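Hi,

Here is the structure I promised to pass on. Have a look at it first, and my notes on its salt bridges follow below.

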Amino acid sequence: MYFGVDYHPEHWVYPYDGTPEAPESRWERDVELMVQAGVNVVRMGEFAWGCYEPAEGKYDFGWMRRVMDLFTKAEIKVVLGTPTASPPVWLAKKHPEILPIDARGLRRHEGTRRAYCMNSNVYWDYCQRIVRELAGALGNHPQLIAWQIDNGLGGHDTEASFNEEARRDWHAWLKAKYETIDRLNELMGTRFWSQGVTDWDQAPMPMAAPTVHNPALLIDWMRFCSDTIVAFARMQRDVLRELTPNLPVTQNLRALTRLFDHFDMAEVMDFVSVDSNATIKTKSAELACEIDMMRSLKKTNIRMPDGDCGFWVIEQKAGNVNWQEVNSLLRPQVVRLFTYQLVSRGACGVLYFLWRQPRIGSEKFYGGVLTHTGRGDNRVYQEIKEIGQELKQLGRVLKGTRIAAESCILTSHDNDWNLKFVNQPNKYFNQREHVQLFYNALHDRNIPVDFARPTEDLSKYKLVIAPSLQLLAGGEADLLKLYVQNGGTLVATFNTGLVDEHHIAPDTGFPHDLTDLFGLEVLEFDPLPPGEENHLTIKGAFAATHLHPAKLWCDAIEPKGCQVLASYAKDFYAGRPAMTMNSFGQGKAIYIGTMSHQFFYYDLIVWLRQMCNLFPLLKVPDTVEVSMREKENTRIYFLLNHQNSPVRISFFKPMHDFLTGKTFTGNYDLPPHGVLVLDEQTAQA
Ligand code: GLA
């Protein structure tokens, strides 16, 4: 198990620390403090281009080698970032054409970070050069165990740029996709508003315009930008693979907030790493959902430094951030709790951002493991030290364990991007919230869940949930049918299959290509404003603990062979089906034509759990989060109390807790923010 920090040694030289005689002397103290905290890995160098190459062609990697040598003695491993997220100022001055142009045609200037156009040939050349020099100088250092590519790709709204080179690549991309202008015009529906083009050069980039661009063009633009970012990362990966084939490559991703296809990106990487703001969010199930999304990005071909099979959290915030209106301190034990949440969901490396609060730059009031004083007598350092000791023991047990899920929620980037376009049927619909309703119901019942794209092999899942795939490609629809045909249980919802992959609405009825699977047709849909509700009349197939409202969206469904599970209670579509089930091949296809409150989804999952033979990991009070990592003959359960008060758990058999070494029986009060790590033999609570 890797446990570490994000370290910026370039911040800690004279005059910020050290002495004129020994400007780098602070580094030794840092290493000592890290060793005492149980740190065994650091990530460094992700913004160090200006220090590596202060003037063009004048390289200096010696300082980083000296830091890495100090880590050799301390047996601390190193991950180096390629420094391409912060091109030096001299480069932007010499080649201003690398600076990105925004949708209004304005240049975004140098002097911060991420100011580059990913379609710039000049920038690609400079990146290849610095990555080659870096790998040549430090790639054989014995402490180096992995590379991180760039930093925060797509962050600060840098997914797209509108430079002339972006236009050139965009046209080439369109040409490769459509082959002929006629085909482009036909599939993009450019007859609308005289948008037809007669030459590739005429195809617009979606720059600021009087009104909305053609959504078919927009979705292609998003795909093109995503392909561009992934190609930029692949270019660096290829250089690194050539020079240091044994070192795996990763990248720090965020929970699907950035506009590129994270599954595609994960394919390019050897293993996934995540930036986690966990500690500043309040809802633990939302965090759990995001962790599961990130864990699910790469399910096969994982190559990690120690041969493990999960993901890393390469930036776990050690304290407060600096961009909220009020950046309060984290309460004691909270960092520990969220560290365990990450570990419990498959993390096999956790590094805290950042080692010490910087004295310079724009992030000086970010929480750090050390404060500005660097003394190591602060509260957070002491807490991290305790976590480090605990994880040292746990690491051995956790090695090679995985999360095994039999249920799955589908997600596709094309669809997510499309749902963000303006002119939606209901602008109050929020896909992330919709997904969370299903996720909460599984999570709160301790049923593990994966995320997957609709094109993945779904056959291993007993239950697949497909919330609002408004943009659904023909091939995706076919794969959903195949899954059900072969015995799977699929749950889909309103706002599904309104357009195909070309953003063309079907003339065969909604949901596009799936009316036979669900045995119904959605004749029309009625988006409701917030606060307005219809009600569901449940037809008895599953038990309802509450009156369930129908909110935000009501599909008026014409049944065509399906069983009706619930209908609407009022309005002109009163009595029409709101929820249905259809047998298709050997499986079942369930359709929910509306959105409801959380209790509905709890009831739904209780019913589906029985139907699909899904078992909760453990039975504990609802407020305790449970997850499990397993490998042959070993099952490790994590119980997390996210409350500010103790929670009573009743154990009917003696149980062994790895953290305290104690065995519990009978009632046990899990303290506020407390954690238990239990093994299989004794975990029958
Ligand atoms: C990202 C970056 C870090 C830092 C934090 C601040 O995680 O990778 O360099 O800027 O954001 O939130």
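A quick definition before the details: a residue is buried under 20% relative accessible area, exposed over 50%, and partly exposed in between (1.4 Å probe, protein chains only). Please keep in mind that this is a predicted model, where local features need pLDDT of at least 70, side-chain atom pairs count only at pLDDT 80 or more, and totals for chains, interfaces and linings use all residues. Residues are numbered from 1 along each chain as its sequence is written, and side-chain values use heavy atoms, leaving out hydrogens and water.

Searching the whole structure turns up 44 salt bridges; the term means a side-chain nitrogen of Lys or Arg within 4 Å of a carboxyl oxygen of Asp or Glu.

One of them pairs E56 with K94, at 2.8 Å from N to O. E56 sits in the loop between α2 (49–52) and α3 (62–74) and K94 in helix α4 (residues 89–94), so this bridge ties together parts 38 residues apart in sequence. (Helices are DSSP runs of H or I with at least four residues, strands are runs of E with at least two, and both are numbered from the N terminus.) K94 is partly exposed at 47% relative accessibility, and E56 is also partly exposed, at 31%.

Then there's D6 with R43, at 3.4 Å from N to O.

Cheers
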